[in-house]
Amino acid sequence: MSEQILTNCTVGGPVKVHVENGVITKMRPIIFDDKVDAPSWTVKARGKEFAPPRKTTLNAYVVPERTRVYSENRIKYPMKRKTFDPNGERNTQNRGKDEYVRISWDEAIDIVYGEMKRIRDKYGKAAITGMTSSHHNFGYVHYKMGPFGRFFNLIGYSAMQDNPDSWEGWQWGSIHSWGFHWRLGHNEPFGQLEDALKNTEQIVYWAVDPNSTSYMYGGMDVAIWKYWFKELGIQSVFIDPYCNAGAAIWADKWIAPRPGTDAALAEAIAYVWLQEGSYDKWFVENRTEGFEAFKAQVLGEIDGVARTPEWAAKECDIPAHTIVALARQWAKKKTMLSVGTIHGATGAARAAYGTEWARLCVLLMSMQGMGKPGINCWGGASSGPPFDFSFNFPGYSANGWDALGLVAKKSYFPHGNPVTQRTYRILLPEIVLNGTASWTGEGFCGENIQQQFNKFTCPEEGPNGAPIKMVYRHGGSFISSMCDTNKWVRMYQSPNLEFVVMQDCHWQSETKFGDILLPANTNFERADICEWNSAGGYGHYEMSHNHRIVVYQHKCIESLWDSKSDLEIYTMLADKFGVKEEYTEGNTEEDWIRKVFDYSDLPKYVTYEEFKKKGYYVVPSRPDGTDSPVAMRWFYEGRPCDTPDRLNPRLGTPEAHLLGTPSGKVEFVSRSLTAFDANDQERPPLPRYIPSWEGHTVELAKTYPLQLLTPHPKFSYHTHNDNKTRWIDRISQHRIIKDDYAWWPVRISPQDAAARGIKHLDIVKVHNDRAAVLGIAWVTERIRPGTVHSYESGAKYDPLEPGKAGSIDRGGCMNMLTSGRLLSKNVPGMASNSCLVEISKWEQ
Amino acid sequence: MAKNYGMVIDVAKCTGCYACFLACKDENAGEEHPGYTAAPPMTGQHWINLIEVERGTFPKVKHNHIPVTCAQCDNPACIDSAENGAVYKREDGIVIIDPVKAVGQKQIVNSCPYRVIFWNEEKQLAQKCDGCAHLLDKGYKEPRCVEMCPTSALLFGDLNDPKSAVSQVVAAQKPYARTPEYDLGDKVLYLNIPRKFVAGAVVYKDSDQCAENVTVTIKGEGVDQSYKTDIFGDFWFEELKSKADYTVEIAEPGYKKISLKVRTNTDVNLGNLFLEK
């Protein structure tokens with residue numbers, strides 16, 4: 001039978017999908033057709049011309065997407081946990097070790113509906129909470145914000161607030177320095193590539209890996225930019241305790257501070273600039289406030305501690321002369337600090353008091369006149385291509401937690417959910433196990449700064465509050481991706497939790513804790529529409545790729561095994577609840593796709609039929625010779641914001657030239673923090689280095705002397721790609737096969753390994769008082785002594801004693817080891833990179 | 001004129017993403033291409049793979065990835081070793097192991113000096129990269145690994161066409177064989193394969209400041225180079241020979257001369273060198 005070539009879009013880039021006899025045979029990048037597809041942009045800079053290749057690229061982890069679709073680890077049928085009886089013994093203690101029995105869809109939906117109804121009747125709607133994972137499939141109609149969001153907001157539930165786990169310190173910290181709450185703490189990314197190619201002399205990558213996490217959903221399109229920087233002689237300085245995948249190939253200089261001391265380094269850099277007068281005094285005077293207090297602090301006039309390079313050298317374990325040289329080169333060369341925006345958001349911001357480092361980054365760049373040509377915060381040096389943003393296509397979060405509501409007659413977000421009670425993802429185990437938990441801050445605080453200070457307790461006080469009795473999990477796994485995830489094991493085994501649904505494509509680490517498993521299909525088994533790499537909402541236009549491409553995601557194959565689309569599953573439930581008409585408004589899948597098409601600017605350029613047949617549309621770039629408005633340039637020059645930063649609330653007002661802080665300026669001393677809690681010593685109005693509560697200075701370091709770093713993985717998006725295809729397991733940076741088992745690498749310095757009798761590729765036990773995880777030692781010079789590095793989000797929770805919280809895990813779930821303590825007392829973030837461990841050779 | 005396919009691999013442009021490795025698996029693992037290749041197992045045969053090379057010591061470290069695939073030799077040892085014409089070279093230069101005739105011929109695996117032929121135990125068959133000939137013959141312009149490479153570190157095309165990108169790189173940049181000692185020919189050539197480096201940092205002992213703009217020289221094995229230290233006092237001499245002896249000297253006026261003998265058994269990080277009065 002002849003081969004069909006269809007299109008689809010993955011989390012890591014759009015693909016051509018070859019299908020023969022109803023089976024996907026290969027997936028390839030899209031190679032542009034020069035006769036039809038719009039030309040690419042060209043940037044002319046310093047006598048050279050730079051234009052991207054005429055194709056899409058893919059993140060490595062989606063190259064084997066075909067085998068992820070057909071993976072043996074798919075959830076194939078609706079399943080019931082063997083000893084779970086909704087009408088009798090629930091045996092919640094068996095979650096995690098029970099077997100499963102296949103049931104029919106009718107039976108599964110009856111049980112799920114029956115339990116939901118029972119719990120709602122007995123405890124109230126608020127007793128049910130639920131949450132999706134990010135990015136396990138791509139699309140607009142079927143992405144999590146659509147089917148899940150619309151359904152639960154329609155019927156009412158305790159919405160689970162999401163912590164910004166990839167960039168905590170930026171949201172909870174830098175918003176108080178430069179505003180941008182509508183970007184969850186990141187600055188705008190616009191026009192930065194062009195500005196850098198034309199003007200920048202140095203890029204400082206601080207706690208960010210531009211050859212891994214910075215790619216986001218953008219394939220590897222922006223890798224090529226890094227070679228252009230080399231061609232132009234732009235210097236690359238990397239600051240990271242680990243010589244990360246970007247540093248290893250692109251660094252001109254690698255500086256490795258002790259984990260948790262980045263804020264001390266930042267203060268010492270400011271000290272050098274103050275001593276040498278090498279900062280932008282005009283900017284500081286005209287675009288900031290509170291500088292005198294900062295100056296006094298750095299010079300030691302407030303607490304008697306001058307932030308000298310020698311002082312920082314002791315904290316950071318970097319030579320003082322290196323700190324001085326870094327500061328001097330930074331002041332001398334036009335420098336991009338590669339932080340801010342999602343592409344630069346990792347590492348030091350995901351640590352105890354990570355707010356302080358993030359705020360200090362903003363202050364440092366303010367001292368260098370952020371917004372001047374070539375000088376800015378530029379996350380991962382990976383965003384801000386010269387796109388034409390006047391073309392409208394909605395990103396997946398364009399309508400919040402009811403994506404379909406964007407084009408429906410009625411939207412159930414933000415007003416729809418009748419339940420006001422909230423749960424909080426990283427405190428869910430406490431809420432269930434202790435019966436209650438309180439926190440300050442609303443998760444994704446994109447509406448206003450005040451959201452950071454709102455206080456929550458679950459159960460909510462009053463008649464509408466309810467204890468949490470049911471969790472509905474949709475995709476992915478919080479076991480292994482959230483901190484201290486043994487507590488999730490304990491939570492799932494608690495009788496307090498009467499019912500757990502797991503709806504996903506694959507068996508994840510968390511799946512085996514569900515009572516009912518619902519097999520969802522992948523985006524290759526249903527049709528959808530999306531713009532590649534477009535989040536919309538709080539992340540709108542944070543794009544790390546070279547061509548805007550809207551994709552018709554063809555249904556390439558029939559649903560595998562007994563899986564159904566998420567939309568079909570929630571439609572069946574909506575039918576049971578008697579709200580099918582409200583949920584679907586009579587729309588089929590194709591109707592929704594068509595409505596999104598009609599909502600967008602596509603109809604101006606292409607008919608629906610043409611678009612669907614061809615499968616993609618390349619949005620024309622900005623015409624050559626037209627410069628993109630550059631991020632923050634307007635602020636520097638005192639003009640109204642001219643970038644397409646659509647959610648900036650000051651746009652179109654007389655204050656459009658100001659930032660989103662209360663003063664409209666960069667605030668060295670935060671007004672919002674002063675008003676909220678001026679005496680907070682853990683997030684003081686004036687940021688400063690605060691030694692980590694689990695770092696090198698604490699008593700625990702005598703027992704557990706190694707600092708564990710757990711960045712997002714390079715070869716899996718969260719838990720979604722690990723343990724789904726054998727091929728990725730053959731990449732030694734990801735997993736290493738030994739004795740027929742795919743072990744998770746733990747990177748350790750030769751000195752630390754030798755001191756423990758550990759040899760390269762020995763099986764080791766990484767342990768502390770919270771957990772013990774087995775991995776395989778990778779002895780490397782790329783990690784500073786005293787520090788070990790192992791990616792988080794392994795998708796293979798494999799306890800030696802299944803179903804027992806605290807069991808040794810041999811699958812490599814490093815987040816069993818990390819602390820569940822919040823970033824600081826008023827900051828409900830995760831501090832993944834503040835973790836002390838010991839490592840020993842595993843002999844058994 | 002017949003095509004003459006060649007590949008140039010620029011190691012400096014390889015980010016270590018393994019997209020080539022994974023694209024090859026997607027194309028070939030478990031897949032039969034009748035007339036070209038039998039199905040290799042799902043894992044175990046890496047027709048293109050990356051050699052990982054970690055270089056130097058903390059904190060002067062680099063890491064390179066060197067893609068390695070069949071060299072499509074000019075005079076393939078595998079052809080010589082095969083019986084019944086089980087291995088042959090196409091007019092376009094691609095070397096094919098006939099999946100039927102080669103059954104039972106394990107000597108084909110052992111004949112390859114480059115170690116890129118694999119033994120399929122189940123099928124009793126020697127197997128290797130076919131350059132995606134099964135796709136090129138259908139009109140594909142590039143093998144899957146090349147098509148998937150995000151940075152064009154892998155370049156493929158017709159060496160007989162002087163206008164092809166690969167021909168132009170060959171003409172302009174003079175790529176070379178990775179293992180000239182095996183005399184494999186010029187179908188798969190390399191740029192920027194890392195050699196050895198000698199690096200260090202110069203610091204003024206008295207002031208504890210990085211010594212910027214200090215001249216560091218290296219001599220030996222026909223090399224006589226100097227390097228001005230950067231603002232961190234760092235110097236990096238690249239492109240040095242392996243297992244060679246060099247002398248590194250710093251003769252900064254007003255300071256004691258530093259002279260160090262180094263041998264490049266590995267990449268060398270000399271650490272901090274202190275200038276004393």
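Predicted model: local features only at pLDDT ≥ 70, side-chain atom pairs only at ≥ 80, totals over all residues.
Before I turn to the helices, let me say that a helix axis here is a line fitted to the C-alpha atoms over the stretch in contact, and that angles run from 0 to 180 degrees between N-to-C directions.

Helix α8 of chain A, residues 262-276, and helix α11 of chain A, residues 309-316, have axes that come within 9 Å and cross at roughly 165 degrees. Because angles over 145 degrees count as roughly antiparallel, α8(A) is roughly antiparallel to α11(A), and the crossing of these two helices is left-handed. On the α8(A) side the contact involves A:A264, A:L265, A:E267, A:A268, A:Y271 and A:V272, which meet A:P309, A:W311, A:A312, A:E315 and A:C316 of α11(A); by class, these residues divide into nine nonpolar, no polar and two charged.

Turning to the sheet in chain A, five strands form an open, parallel arrangement in the order β12-β11-β10-β14-β15, with β12 (253-255) and β15 (376-377) as the edge strands, each pairing on one side only. Within this sheet, β10(A), residues 202-206, runs parallel to β11(A), residues 235-239, and five bridges join the two; A:I203 stands opposite A:S236 in β11(A).

Finally, the contact between the chains takes 41 residues from chain A and 34 residues from chain B. On the chain B side, α1 (19-28), β2 (48-57), β3 (60-69), α5 (144-148) and β11 (209-210) each supply at least two residues, and the largest share, six residues, comes from α1(B). That side of chain B divides into 15 nonpolar, nine polar and ten charged residues.

How values were computed:
Residues numbered from 1 in each chain as written. Chains lettered and ligands numbered in written order. Contact = placed C-beta atoms within 7 Å. Helix = DSSP H or I, 4+ residues; strand = E, 2+ residues; numbered from the N terminus. Nonpolar A, V, L, I, M, F, W, Y, C, P; charged D, E, K, R; others polar. Pairing = 2+ DSSP bridges. Parallel < 35°, antiparallel > 145°, perpendicular 65-115°, else oblique. Left-handed = near helix turned anticlockwise from the far one by under 90°.
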